[in-house]
Amino acid sequence: MRIVIFTENYWSGGLDVFIITLINNWPDVNDEFILVCNHDHPGLEIIEKRLQRPCKIIRHKLITDYQILKIWNSSFIKKWILRLVYLYGRYLVDLVQTILFINLIEKLKPNRIIVTTGGYPGGNTCRVVTLSGLFKRSWGKPLFIYHNDPCPVHWSQIIPEYIFDVLLEKAVSDFVTVSYYTQSKLECRPALRHSPKCKVIYNGIGTYTLSEKRYNSIRDELCIHKDRQIVLMLATYERRKGHEFLFQALQYVITECPKVYLIVAGFGYSHEREIVNNLVSQYSLTAYVRLLGFRNDISNLLKQAQLLVVPSQAFESFGLVCVEAMAHRVPVVATRVGGIPEVVKDGFGGFTVPLNPILFAERIIQLLSDEDLRNKVAEKGYEVFLKKFTADRMCKEYHSLLNS
């Protein structure tokens, strides 16, 4: 079977990990994969390097909404004109995109299509490709997967968006998300919220991340003294990921655990990283924090960390990085946001706390100060990982959907 995976993405992170995991751990070795994505996705090279089975990558150059907005925002057109044109003109663009993308997909001669995006509607090219399911094409109805909270509809777009959602619901074979929390957020999309096609499949990670032979000492690389306790944050540099919240908590942590050392690693555009860098100086944490870019050696970093922190403030549908930590027997302290509490139960892999930096700091202090507790929580988290969050389990469920 030839399977086309279609996505639109402009940030390198969890969606890339999902695609890599899905392809590498797909249960049928005879199936063939083709990945189709916008050519300017910054994570494509990373995907290509980490794929362990053959997969053709198509870097299309067809126009996306993101590219249109980027051009308009850099022009002299007034914002209100832009908003008026975009709110309604985008549907004409969608019509043209549907024709162009169906022609592109048809040349690849797939048997099935998987469309995967961030939130819903996410990258709008994902929706227009999904509409191919309304027509009698050889690949049938696409499987649609979204990984983050659905967006409420602007009042001025209620009618066209409702129509779009109705058509999409008819076009898909299944409409899948990664947590029951994210599924509950479909309340803001009336045409989809009661569809019997809506399903939840938890994300999983592959064991290949646990068996990397390469081991590089991050202490040597960053000149971190051996008595420092490494706390790790793995996230993009988006504001919603909670860097400032974490720095507020860290001010309390260093009063009780002065040997703490925070490493922040993830993809970020230059302006995003500059904002976070300024926050480090603002909170006088230069001696306690190191900011890194995107890393390919996540397993290597986790093996050397005492603790993983996930201070997300919003739109955290699942928290795949929590699973990665649990798989490496590293305890997690995370905010009680989105679908994270479905992954991390208190005492089983870590703890979740409300959006309060003092409470967040207290959990960090508790785990850094008690090695026995850290080990106990980490071991229970590993057991949960084996039971619920392996790549084999995830891929078998998607394979079953695609073949049903």
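A polar contact is a pair of N or O atoms within 3.5 Å; within protein, one must be able to donate a hydrogen and the other to accept it, and residues adjacent in sequence count only if both atoms are side-chain atoms. This is a predicted model, where local features need pLDDT of at least 70, side-chain atom pairs count only at pLDDT 80 or more, and totals for chains, interfaces and linings use all residues. Numbering runs from 1 along each chain as its sequence is written, and side-chain values use heavy atoms, with hydrogens and water left out.

**Asn-24**
- You'll find Asn-24 in helix 1 (residues 14-24); helices here are DSSP runs of H or I, at least four residues, numbered from the N terminus.
- Asn-24 has 15% relative accessibility, so it counts as buried (under 20% relative accessible area, with exposed over 50% and partly exposed in between, using a 1.4 Å probe and protein chains only).
- A polar atom of the Asn-24 side chain sits 3.1 Å from the backbone oxygen of Arg-50.

**Thr-125**
- Thr-125 belongs to helix 5 (residues 124-130) and is buried, at 1% relative accessible area.
- Leaving out residues up to four places away in sequence, Thr-125 touches Phe-6, Glu-8, Ile-63, Thr-64, Gln-97 and Phe-101; contact means heavy atoms within 4.5 Å.
- With Glu-8, the Thr-125 side chain makes a side-chain polar contact of 2.5 Å.

**Helix 12 and helix 15**
- The crossing of helix 12 and helix 15 is left-handed, meaning the near helix is turned anticlockwise from the far one by less than a right angle.
- Helix 12 brings Val-323, Met-326 and Ala-327 to the contact, while helix 15 brings Gly-381, Tyr-382, Val-384 and Phe-385.

Methods:
Helices (H or I, at least four residues) and strands (E, at least two) are DSSP runs, numbered from the N terminus.
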